[in-house]
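Subject: Structure handover

Hello,

Here is the structure I promised to pass on. Please open it first, then read the notes below it.

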Amino acid sequence: MIYIEYINNSYRNKYGRLKINLLNKKFIKKELNDSDYILSNICGYSLDKKQRIAIITDECSNLIIAGAGSGKSLTIIGKIRYLIETSKAKENEILCISFTRDASKSLENKIQKFYDYNIKVYTFHKLALEILKEYNFNIVESDLLNYIVDEYFYMIKNNDDIVKKVKTVLNKIDTPYNILIKSKELFNLKRLIITFINLFKTNNYSIYYFLKFKKYKALIRIIMDIYFLYDEELKSTNSLDFNDMIINATLYVKRNGIKEYKYIIVDEYQDTSYIRQCFLKEIMLKAHAKLICVGDDYQSIYRFNGCDINMFLNFKKYFGHTKVLKINNTYRNSQELINLAGKFIMKNKRQLYKSLKSEKRLLKPIKIMYGDSLSKLLDIVLKKYDHILVLGRNNFDINKYFKLDEEGYFSYKDTKIRYLTIHSSKGLEEDCVVIINLKDDILGIPNRIKDCEILSLINNNNDIYPFEEERRLFYVALTRTKNEVYMLVDAKRPSIFVKEIIRDSSKYIEYI
């Protein structure tokens, strides 16, 4: 008995959707029973029914939507063990990819520790490097582009025409250039140019796309100058940046193929970008492999790096007929917390609804203290918890309270406490979470710095609802805790997010 896929129209017409669904349900029922000995012990845990069904389902393309704390890694490892133990695939026939180096290493270590499988977990960039290994090229870090941008604004100081363009863009016509070059305005312009070029390459635009821009002509001229300088530097040193690696690896696979895999498993798919999606699709086609992508659209928070939530939301558009599955039992947060967080995140128009369930109960998981004394709040928290994670919107948010050591910890009352930005905390959990910088401010939560309008010309992932990505970021902060979330809130200018959860979910909140 095998799982029947929707392959093409003639296949569907011959058997009918209803008959295929019925046969697949029988397959899953039998397979759940036959594989119980495997799925009852994945890294020492017995998987729930939704996780088991997600593992056994075997379409050509599969999207597993995994809520926060729902055992995503266990499900991935369970899929790998199930494939190997049931002889559906050998170790070298499984390609596993994760988003960050730390995440891929963590997953690889767990697979090795519990099952001793020889499965390498790649990042997209490391996989691209492996594919292109026969070519003798250098890999450059992102600071090369920073260097080129700095050099450009230094070199043009004697070029009156370009200096005039820069002054026009910054609306600083009367400012001497030796003063302008040290200004905050020029610093922000440099950041904008770097972001623009990275997004331009991440979305794989042709250089001819520059010719389509009708607005921002002075700024576009400056960006084009820097883009060509950067491109020339890469070519002259036989170098590729991270975007080039993925683009070139995609072309290589398209022309030359790739070793055959039976299964491709991708973690954190909500963080993919256009060029990563193209890379993945080409590998899938050439390797004749089935695809399993796992992720959570609620936690898509890397738009500034070119990640595009539309790749997740429109998965079927890119990979054809897809079986969408949800694992929605959370083992981290209380039901009360996920009720609050779920109501909050679904204000966004571009999110997939999921009803998360938890057996854990905490009547008032949110604790709010108004004021600016982190020490006073920690005095209260440390009476109840030994392990605390403090989160802020920016790296510097903690500086007004404590000095961090080299590993990102600070000491208080003989307790080592970790501080992270919310972006850095994704994928982590702690007994208790404290959130600071909850202030209605340009650098608060939500951050009110608006993307320059020019970025909308090359970014397909712009907010369509106010603070859409910041809302997902706050959701990530709320769901890092195993128990309670303590919030240090500015009394005079409280965060609009805090005001919103007080208005919508007051029954889950306690004031201290």
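The count of salt bridges comes to 38. A salt bridge here is a side-chain nitrogen of Lys or Arg within 4 Å of a carboxyl oxygen of Asp or Glu.

Some ground rules. This is a predicted model, in which local features need pLDDT of at least 70 and side-chain atom pairs count only at pLDDT 80 or more, while totals for chains, interfaces and linings use all residues. Residues are numbered from 1 along each chain as its sequence is written, and side-chain values use heavy atoms, with hydrogens and water left out.

**Salt bridges**

Start with Lys290 and Asp58. Their side chains meet in a salt bridge, at 2.9 Å from N to O. The pair links distant parts of the chain, 232 residues apart. Lys290 is in strand β7 (residues 290-295), and Asp58 is in the loop between α4 (49-56) and β1 (61-66). Helices (H or I, at least four residues) and strands (E, at least two) are DSSP runs, numbered from the N terminus. Both Lys290 and Asp58 are buried. Buried means under 20% relative accessible area, exposed means over 50%, and partly exposed is in between (1.4 Å probe, protein chains only).

Next, Asp297 and Lys354. This salt bridge also has an N to O distance of 2.9 Å. Asp297 sits in the loop between β7 and α15 (310-313). Lys354 sits in the loop between α17 (335-345) and β9 (366-370), and the two are 57 residues apart. Both Asp297 and Lys354 are buried.

Lys482 and Asp431 form a salt bridge too, with their closest N and O atoms 3.9 Å apart. Lys482 belongs to strand β14 (residues 481-489), Asp431 to strand β13 (residues 430-438), and 51 residues separate them. Lys482 counts as partly exposed because its relative accessibility is 29%. Asp431, at 22%, also counts as partly exposed.

Salt bridges link Lys72, Asp267, Glu268, Asp271 and Lys426.

**Surface and cover**

Ile207, Tyr208, Leu211 and Phe228 form a nonpolar patch on the surface. Together they have about 430 Å² of accessible area. Areas come from the Shrake-Rupley method with a 1.4 Å probe; for residues, only the protein chains shown count as cover. Patches take residues with over 30% relative accessible area and no salt bridge, joining like charges within 9 Å and nonpolar side chains (Val, Leu, Ile, Met, Phe, Trp, Tyr) within 5 Å. Ile207 lies in the loop between α11 (184-202) and α12 (217-236). Its relative accessibility is 34%, so Ile207 counts as partly exposed.

Helix α20 (residues 468-478) is mostly covered, with 11 of its 11 residues buried. Among them are Glu468, Arg471, Phe474 and Leu478.

**Helix packing**

Helix α5 (residues 72-85) packs on helix α6 (residues 101-115) at an angle of about 50°, with their axes 11 Å apart. Axes are lines fitted to C-alpha atoms, for helices over the stretch in contact, and angles run from 0 to 180 degrees between N-to-C directions. α5 and α6 are therefore oblique to each other. Angles under 35 degrees count as roughly parallel, over 145 as roughly antiparallel, 65 to 115 as roughly perpendicular and the rest as oblique.

The axes of helix α7 (residues 124-131) and α13 come within 9 Å and cross at roughly 50°. That makes α7 oblique to α13.

Val253 lies in helix α13 (residues 242-256). Val253 is buried, at 0% relative accessible area. Val253 and Ile283 are 30 residues apart in sequence and 6.6 Å apart in space, C-alpha to C-alpha.

Best wishes
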